[in-house]
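Hi,

Here is the structure I promised to pass on. Have a look, and my notes on the salt bridges follow below.

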Amino acid sequence: PEMAWQMLDGWMKAQPSRIEGRRQMPFFELTEEETKALAEFLRFADQTDTQAWPPNDAG
């Protein structure tokens with residue numbers, strides 16, 4: 001869990017900004033607590049039983 005939020009935080013901070021011709025990743029200005037909560041939610045969602053949905057790769 002500790003590594004999950006650190007990876008998420010690092011990824012969000014490493015996104016390019018102000019590079020001409022590239023779409024810009026929004027800067028959310030999340031606190032450490034908010035980033036940890038987001039990482040925990042994503043871990044929870046990943047463990048959710050989707051009951052085999054979607055039925056195929058195309059959805």
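To start with a question: is arginine 43 buried, exposed or partly exposed? With a relative accessibility of 29%, arginine 43 counts as partly exposed, where buried means under 20% relative accessible area, exposed over 50%, and partly exposed in between (1.4 Å probe, protein chains only).

Before the rest, the ground rules. This is a predicted model, so local features need pLDDT of at least 70 and side-chain atom pairs count only at pLDDT 80 or more, while totals for chains, interfaces and linings use all residues. Residues are numbered from 1 along each chain as its sequence is written, and side-chain values use heavy atoms, with hydrogens and water left out.

I took a salt bridge as a side-chain nitrogen of Lys or Arg within 4 Å of a carboxyl oxygen of Asp or Glu. That gives three of them.

- Arginine 43 pairs with glutamate 40 at 3.2 Å, N to O. The two sit three residues apart in helix 2, about one helical turn; helices are DSSP runs (H or I, at least four residues), numbered from the N terminus. Glutamate 40 is partly exposed at 43%.
- Glutamate 32 bridges to lysine 36, with the closest N and O atoms 3.2 Å apart. Both belong to helix 2 (residues 32-46), four residues apart. Glutamate 32 is partly exposed at 46%, and lysine 36 is partly exposed at 32%.
- Aspartate 9 meets lysine 13 at 3.1 Å, N to O, and both lie in helix 1 (residues 2-14). Here aspartate 9 is buried at 15%, whereas lysine 13 is exposed at 61%.

Cheers
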